[in-house]
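Here is a short report on one structure, written for a reader who has the coordinates open. Please look at the model before reading on.

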Amino acid sequence: MLLKSLIIIVFFAMLISLAVGAGYLLRDGSSSKRLLTSLKWRIGFAALLLLLIVYGFGSGQLT
């Protein structure tokens, strides 16, 4: 149950990072450092989500 909750939290964190990045793109333009930072966070969340899903299937907690 904890793993599924973590997966949901990380997924929503990715969506929030996407929305924040879109806001930065609209306000600052494409050369913004804040946009790049938001992209880095989103990539990190995506990698963490992938690792959690692989771990879940590998350990048998996700079927």
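The model is predicted. Helix 1 covers residues 2-28. At 1.5 Å a residue, its 27 residues should span 39 Å. Its end C-alpha atoms are 38 Å apart, which agrees with that expectation. Gly29 follows helix 1 and has a positive phi, near 100 degrees.

Helix 2 covers residues 33-59.

## How the helices pack

Two packed helices are described by the angle between their axes and the distance between the axes. Here, helix 1 and helix 2 pack at an angle of about 160 degrees. Their axes are 9 Å apart. Angles over 145 degrees count as roughly antiparallel. Helix 1 and helix 2 are therefore roughly antiparallel to each other. The crossing of helix 1 past helix 2 is left-handed.

## The buried faces

Which residues of helix 1 are buried? They are Leu3, Ile7, Val10, Ala13, Met14, Ser17, Gly21, Gly23 and Tyr24. These buried residues pack against helix 2. An α-helix has 3.6 residues a turn, so residues three or four places apart point the same way. Leu3, Ile7, Val10 and Met14 are among the buried residues of helix 1, and their numbers can be read with that spacing in mind.

On helix 2, the buried residues are Leu35, Ser38, Leu49, Leu52 and Gly56. What covers them includes helix 1.

## The nonpolar core

In soluble globular proteins, nonpolar side chains tend to be buried together. In this model, the largest nonpolar core has seven residues. Its members are Leu3, Ile7, Val10, Met14, Leu49, Leu52 and Leu62. Helix 1 and helix 2 each supply at least two residues of this core. The largest share, four residues, comes from helix 1.

Leaving aside residues up to four places away in sequence, Ile7 touches Leu49, Leu52, Ile53 and Leu62. Leu52 is found in helix 2. It is buried, because its relative accessible area is 14% and the cut-off is under 20%. The C-alpha atoms of Leu52 and Val10 are separated by 9.3 Å. Along the chain, Leu52 and Val10 are 42 residues apart.

Gly21 has its place in helix 1. Is Gly21 buried or exposed? Gly21 is buried, with a relative accessible area of 4%. Apart from neighbours within four places in sequence, Gly21 is in contact with Leu35 and Ser38. Gly21 and Leu36 are 15 residues apart in sequence. In space, C-alpha to C-alpha, Gly21 and Leu36 are 8.2 Å apart.

Ser38 sits in helix 2. Ser38 is buried too, with a relative accessible area of 6%. What does Ser38 touch, not counting residues up to four places away in sequence? The contacts are Ser17, Val20, Gly21 and Tyr24.

## Partly exposed positions

Leu25 lies in helix 1. Leu25 is partly exposed, with a relative accessible area of 41%. Setting aside neighbours within four places in sequence, Leu25 is in contact with Ser30 and Leu35. The C-alpha atoms of Leu25 and Leu36 are separated by 9.7 Å. Those two residues, Leu25 and Leu36, are 11 residues apart along the chain.

Gln61 is found in the segment after helix 2. Gln61 is partly exposed, at a relative accessible area of 43%. Not counting residues up to four places away in sequence, Gln61 touches Leu3, Lys4, Tyr55 and Gly56. The C-alpha atoms of Gln61 and Trp41 are separated by 26 Å. Along the chain, Gln61 and Trp41 are 20 residues apart.

Technical notes
Residues are numbered from 1 along each chain as its sequence is written. This is a predicted model: local features need pLDDT of at least 70, side-chain atom pairs count only at pLDDT 80 or more; totals for chains, interfaces and linings use all residues. Side-chain values use heavy atoms; hydrogens and water are left out. The expected span of a helix is 1.5 Å times one less than its number of residues. Buried means under 20% relative accessible area, exposed over 50%, partly exposed in between (1.4 Å probe, protein chains only). Contact means heavy atoms within 4.5 Å. A nonpolar core is a set of buried Ala, Val, Leu, Ile, Met, Phe, Trp, Tyr and Cys residues joined through side-chain atoms within 4.5 Å. Axes are lines fitted to C-alpha atoms, for helices over the stretch in contact, and angles run from 0 to 180 degrees between N-to-C directions. Angles under 35 degrees count as roughly parallel, over 145 as roughly antiparallel, 65 to 115 as roughly perpendicular and the rest as oblique. A crossing is left-handed if the near helix is turned anticlockwise from the far one by less than a right angle, and right-handed if clockwise.
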